[in-house]
Amino acid sequence: MKFQVLDIIPHLKNPVTGEIVSTADRLNQVVETARRAEELGFDSFSVGERHAGEFVSSSPTTVLAAIAAVTTRIRLQTGVTVLSVLDPVRVAEDYATIDQLSRGRLELVIGKGNEVLQYPLFGLSLDDQWDLLAEKYALLRTLWRKESVTWSGRFRPALTEPTTTTPRPFAGSPRIWHGSATTLTSAALAAKWGDPLFTANAIQPRKNYKVLIDHYREEYERHGHDPRHQYLGSGSGAGGVFIADTTQEAIRQYGPVYEGLTAGRNVPGNNSPFRDIEHAVAEGPALVGSPEQVIDKILSYHSLYNHDLQSISLPTTLPFDKQLEILERFALEVIPAVRASAPTTLWESGDPFGGRPEFAGATEPDAAAAVTADHALNRSDTAHVYAH
């Protein structure tokens with residue numbers, strides 16, 4: 001299994017102490033966490049995007065550029081790029097710039113977002129959110145894979161003159177994942193294109209996410225894509241990872257913070273049913289407990305989801321030195337055991353995107369073209385079997 005650190009950059013008071021860091025300190029913590037995550041052997045670092053609520057993640061490209069400047073090997077991801085409210089031309093330009101700065105380490109995770117207030121902010125209708133996502137993804141995909149693009153659609157002015165976005169990505173189109181949290185639609189869009197899926201696994205019972213994952217796998221097979229590229233990522237519960245010597249000690253230390261944050265979150269239709277820490281640890285997706293408890297829970301996810309990439313988020317209302325301590329314990333005491341029990345080809349030699357960054361060789365032909373060719377060949381082979 002591979003491991004990601006995700007920060008959607010919430011900017012909240014600690015519900016127990018009332019303390020909150022400055023915006024500047026909070027943003028610099030993100031960059032320092034990414035630098036430390038690379039040192040500790042994490043595989044990727046992901047920055048969220050929100051345009052409403054108590055977050056300071058409205059400009060993930062800026063934060064990722066800062067991270068690119070202080071790292072050399074960790075892959076850079078988003079969680080998620082809210083493509084529904086953005087201009088695909090600008091997304092293509094901005095993230096290709098990140099890809100160049102990081103020398104091929106970028107992989108995008110797109111979605112329609114988890115905040116309804118951002119749609120009126122950008123002059124868009126919430127009723128169009130899924131149509132916006134589908135149309136804008138098709139254009140973004142084309143812009144990164146082709147030059148001299150002409151295009152017309154429903155939600156932005158047509159590209160009537162041949163358009164080539166610049167800069168071009170570092171080594172062909174970066175891989176694009178699809179974030180999925182509450183509905184079948186994102187899972188179906190990922191399956192349609194043969195792209196990887198990232199399940200939120202954040203606040204609901206895991207059976208709810210299993211429904212989305214099963215739909216993705218069924219649709220992926222129905223479209224005839226090569227199963228070798230059917231990668232899956234999983235989140236790890238809202239509130240953040242917390243590790244202590246024993247699960248009882250983790251509950252004692254982190255319980256008041258978890259419960260305070262949960263009680264303060266009132267988003268109808270988007271609230272966790274796991275309101276107290278014991279319930280969250282026993283049945284919810286939260287990774288809170290001893291190293292052994294956290295290992296067991298991740299492997300229990302894996303037995304259900306068969307995922308390749310595990311994402312974690314730190315408890316960002318805690319003092320920063322405590323966050324880094326948890327990050328280090330996770331890297332040293334959890335990751336080795338899970339890697340040994342749950343191997344994956346993601347970012348390895350069997351994955352065309354594994355060789356995409358400069359440090360891995362930036363292979364030719366480009367990874368996206370190789371995956372597309374594999375999908376086409378698999379469909380051809382399948383059709384041949386069915387014909388006989």
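1. In this predicted model, the largest nonpolar core comprises 96 residues. The members that touch the most other members are Phe 42, Phe 45, Ile 67, Trp 144, Tyr 254, Ile 298 and Phe 330. Helix α11, spanning residues 320-341, gives the most to this core, contributing 8 residues.

2. Leaving aside residues up to four places away in sequence, Phe 45 touches Val 5, Asp 7, Val 30, Thr 33, Ala 34, Ala 37, Ile 67, Ile 74, Arg 75, Leu 76 and Gln 77. One of these partners, Ile 67, is also named with Phe 45 among the core residues that touch the most other members.

3. Helix α5 (residues 129-145) and helix α6 (residues 184-193) have axes that come within 11 Å and cross at roughly 25°. Since angles under 35 degrees count as roughly parallel, α5 and α6 are therefore roughly parallel to each other. Their crossing is right-handed.

4. The contact between these helices is formed on the α5 side by Trp 130, Leu 133, Ala 134, Tyr 137, Ala 138 and Arg 141, and on the α6 side by Thr 185, Ser 186, Leu 189 and Trp 193. By residue class, the contact of α5 with α6 divides into 7 nonpolar, 2 polar and 1 charged.

5. His 178 belongs to strand β8, residues 176-180. With a relative accessible area of 1%, His 178 is buried, because the limit for that class is under 20%. Residues up to four places away in sequence excluded, His 178 touches Val 109, Ile 110, Tyr 137, Ser 186, Leu 189, Ala 190, Asp 195, Pro 196, Leu 197 and Phe 198. Among them, Tyr 137, Ser 186 and Leu 189 also take part in the contact of α5 with α6.

Notes
Residues are numbered from 1 along each chain as its sequence is written. This is a predicted model: local features need pLDDT of at least 70, side-chain atom pairs count only at pLDDT 80 or more; totals for chains, interfaces and linings use all residues. Side-chain values use heavy atoms; hydrogens and water are left out. Axes are lines fitted to C-alpha atoms, for helices over the stretch in contact, and angles run from 0 to 180 degrees between N-to-C directions. Helices (H or I, at least four residues) and strands (E, at least two) are DSSP runs, numbered from the N terminus. Angles under 35 degrees count as roughly parallel, over 145 as roughly antiparallel, 65 to 115 as roughly perpendicular and the rest as oblique. A crossing is left-handed if the near helix is turned anticlockwise from the far one by less than a right angle, and right-handed if clockwise. Contact means heavy atoms within 4.5 Å. Ala, Val, Leu, Ile, Met, Phe, Trp, Tyr, Cys and Pro count as nonpolar, Asp, Glu, Lys and Arg as charged, and the others, Gly among them, as polar. A nonpolar core is a set of buried Ala, Val, Leu, Ile, Met, Phe, Trp, Tyr and Cys residues joined through side-chain atoms within 4.5 Å. Buried means under 20% relative accessible area, exposed over 50%, partly exposed in between (1.4 Å probe, protein chains only).
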